[in-house]
Every structure is written in C-alpha cells, then in structure tokens.
Amino acid sequence: MMALIFCIDGEKKDLIRKVMAAGALVMLGTSVYLTLDFLAQREAGETAEFLYRSDILWYETFNIHYAVGVDGISVAMLLLSTIVVITGVFASWGLEQQTKEYFLWFLLLSLGVFGFFISIDLFTMFLFYEIALIPMYLLIGLWGTGRKEYSAMKLTLMLMGGSAFLMVGIFGIYYHSSADGLLTFNIIEIAKNHAMPIEWQRIFFPLTFVGFGVLGAMFPFHTWSPDGHASAPTAVSMLHAGVLMKLGGYGCFRIAMTLMPEACQEQAWIFLLLTGISVVYGAFSACVQNDLKYINAYSSVSHCGLVLFALLMMNQTAMTGAILQMLSHGLMTALFFALIGMIYGQTHTRDIRYLGGLMQVMPFLCVCYVIAGLASLGLPGLSGFVAEMTIFVGSFEHADTFHRVLVIAGCTSIVITAVYILRVVGKILFGPLYKIGTVKDEKGDVKSFYYISEHNGETHNYPLRDAVWYEKIATIGLIIAIAGIGLAPLWLSNMISDGIVNMLK
C-alpha cells in the first residue's frame, strides 16, 4: 500500500484517502480472519506454541532470522492495531497539509507496530521497534501543533535512550542464549534453553525492562509522553497512545519477563513500586491539567502503569488482566484523542476553562465523549471494567502484605479517575454555553453556533457543527470495539490466557 500511495500524485488527495481507507479495510479484514482462524485452531487444541510461523535466514554469521509467528496475545494486539489504524485514517480524512507524505509516514509507523507484534526473533523485533519510533519525530514535528519541535525532539531522544538500554539487554540475552554454544535470537529457543545464569539475568533484566518501560511511560521515564501526545496530530495521538505505547508492555512481558524469569522474581518489587507510582501519580496529574490532551496523556500514564503493575504480579489472572488493559486502554484512549481532535478542529482550543455547553452544539460527539469517559471509569458493560477487575482480583491473590498494600494503593486510581473524568464532562459538555454564540433565524430559533476566540487582542468566530460522516465512522467503530470487549470478554481472555500459561510453565 505504501508503494501504491507513493506512486499517486500528491495533489489527488481524495484518491489518496480512498486508497488508505481501502488498504486499512483490507488490514482489518485480514486481522479479523486471523482472529477467527486462530480461535478455530484453539478449539482444535493446536495453540500450544506460535502458529503461522515463517523463518528465513537473514545473516548467517550471527544467526539472525526473519522469524515471525503469532500466539493469542499477538493476535489480540494485531486486532487492536488494525482497529486503531482504520479509525485513525477516517479521523485524518480532513487533513489537507501534505496528505500524501503524512499517510506514507503513518503507514511506516503502522508497519513497525505490526512487525514488532509478529516477530519471534529478537533482532527482527528490535528492528521493527526502531521502525515504529522513527516516524514519530516527523509526524509530530511537521503535522503537530503547539510546541511540536520541542515535543518531537524530547520524545525521540528519550525513546532512543530507552533503545540504548534495550540494545544492551538484547545482546546480553543473545550471548547467553544457548548452553551448547549455538547462539540464537529466537525467543522460543531461548526460552526453552533457559541458559542464562542468574547473575547475568540480574544485570540484563533491569536494562531490558527499563528499555521497554520507557515506551510504556513507566515512572520516572514518562515525561516524553504528555508532551508528545499534546503536540501530535489526531490520528498520530490515537496510534501513539492506542498502540505504540503497548509495545512497551508487550516487550516487557515477551522479552524481559519470559526470558529472564528468575531475575524478574527477585527484582519485581522495585518495578512494582515504580509502576505503582505511575498509576497514582498519572491519575493525580490528570486532575490538575486544563488541556484536554494533557488530561488524557496523564491518564494514559496511569493506565499503562497499571499494565506493567499487573504483569509484575506474575500470576495468570493478573497478567491476563494486563493484556486486556492494553486492549481496553488502546481503544478508549484512541477514542478520546479522536474526539479531542474533532473538538479542537472547530474551536481551536483544548483548554477546558474556555469550553462549556458543547452538548447543545455537538450532541453526537459529546455522547461519544461520555461513553469514552465511562469506559475509563470502568463502567460494567464496557472494556475498562473487565480489564481493571481482572487486574485487581488477580493482583490481590498475593498473600503477602507488601503486594496487597500496593494493590490497595493502586485501587485509589479508580476514585481519582472518576474525579478528572467527571470534572471534564461536567465542565465542557453540560451547563450553559460558554464563549459560544448563536445565529438565529427570523422566528428567533437557533440556526447555527459559532465559537468566540480571543487571541492577541483579536476576536475570531469559528463555525461549529456536529460530527460528519467520516468522524462518525471513526468514533462508532471504536465504541463498538469497547462495548464488544465489555459485553463478551471470555473468548478474548481465554485466547490471551493460552500465551500466558506457556510463559508461566
């Protein structure tokens, strides 16, 4: 699809959008087919290891292979990615600035994400990891808003710093990957050989966990995330928070914890403290923000911290909840960022102090925002409830006081989340119109609305409207997925549990 878009004249923006939509639909259809086929094979008892495997030798000297395959967790992550990508395409439908170049970089970012989730060779996985990071700088720096150059540079430098830790950890795993002298990057073979001595695990586990944890916005390495989210264009924020940050949690689980389990058991308490801080600190920080994107960005720090927190509990229930939380947060934060972008596109502000009464102006978008907020709160019937309940129930299985105190502290994030969600909903959606003017017809009925913006002593009136067709496609698609997980989670949790059971053996 990248090659096809590259060949299209950049002035034919409608054609580029249609090709992107068609390609995204094909990707979504493929991931749905993959999910259904995987579930069918699971029913037949054929999911003991990775399925649909392919292995091609790349570089014989270091035994580097293009080795790919999927288990239940990978399939779930691919399904999430395709949903966010296709809704991101429709959320970007109105983009006019360098449309061709934007979608090319967007596709390269998506390519890195997909490649990362299907890789079972460490070197290949790291390669796709870097491919996923590089486009972020240009997408934010060229198409972003606000302090976009600063945010793009900060994000890139901090994530590349995490990559440096990650590279050391990966090569440490490689050079201790085999007891018979044949070194390999293959994750499955490394897990079977279990050759790394515990003294080396103690060195390389924290490097690898921190390397991935930076992308997972783990405290104190989270500061790139709010700035990056705030400056990114709408669809990039959706993909960034909805999918890219999940590479961090997925990598911590698939690489650091699976390949170095003894060191994980020893050092888990350190990272439990850090991730516990992420959960509570992120929620508190969201409460004091006035920018809608910063509120959602700090909320993401809290929810992604909950993912790592649950993974470190090292039991099946909590870890299943962690993967469910990845999926749930990916969908609801993509919905949040899509809605924030749609509101900002009309009002040209994200400051909640200058917004009010939007429910009267754009009821469809506001109802969608309430649904996203309820999912974040953990309302039963939506994905957030399933994920958080599974996490806290599984985490409380630990009988020792230390773990249970951390779980109770983490549960406070539910209350704090309610504070900032209800604060935003009450302030910007309901109540009287604020800074919004009306145009009335001859009978005195309201004909249309406009937003009154005052900047540098000048007053601008921006016309307001409710969602158009492509915005409705983006939001409805995400809401269906959120409700689908909330109402029918069993098939998904069972599929995820298979991969976790194999890891805990």
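Predicted model: local features only at pLDDT ≥ 70, side-chain atom pairs only at ≥ 80, totals over all residues.
Phenylalanine 171 is partly exposed, its relative accessible area being 32%.

Across the model, the count of aromatic pairs comes to 27. One of them joins phenylalanine 90 and tryptophan 93, a stacked pair with 5.4 Å from centre to centre and 15 degrees between the planes. Phenylalanine 90 and tryptophan 93 are both buried.

The pair of phenylalanine 171 and phenylalanine 185 has another geometry. The ring centres of phenylalanine 171 and phenylalanine 185 are 6.1 Å apart and their planes stand at 80 degrees, so this pair is edge-to-face; planes over 60 degrees apart fall in that class. Where do the two residues lie, phenylalanine 171 and phenylalanine 185? Phenylalanine 171 belongs to helix 6 (residues 148-174), while phenylalanine 185 is in the loop between helix 6 and helix 7 (187-193), so the pair ties together parts that are 14 residues apart in sequence.

Aromatic residues also group beyond pairs. Phe116, Phe117, Phe126, Tyr129, Phe212 and Tyr250 make up one aromatic cluster.

Rings also meet charged side chains. Over the ring of phenylalanine 396 sits the charged end of arginine 404, 4.4 Å from the ring centre. Tyrosine 434 has the charged end of lysine 427 over its ring, at 5.3 Å from the centre.

Notes
Residues numbered from 1 in each chain as written. Heavy atoms only, no water. Phe/Tyr/Trp six-rings, centres within 6.5 Å; stacked < 30°, edge-to-face > 60°. Buried < 20%, exposed > 50% of the residue type's maximum accessible area, 1.4 Å probe, protein only. Helix = DSSP H or I, 4+ residues; strand = E, 2+ residues; numbered from the N terminus. Lys NZ or Arg CZ within 6 Å of the ring centre and 35° of its normal.
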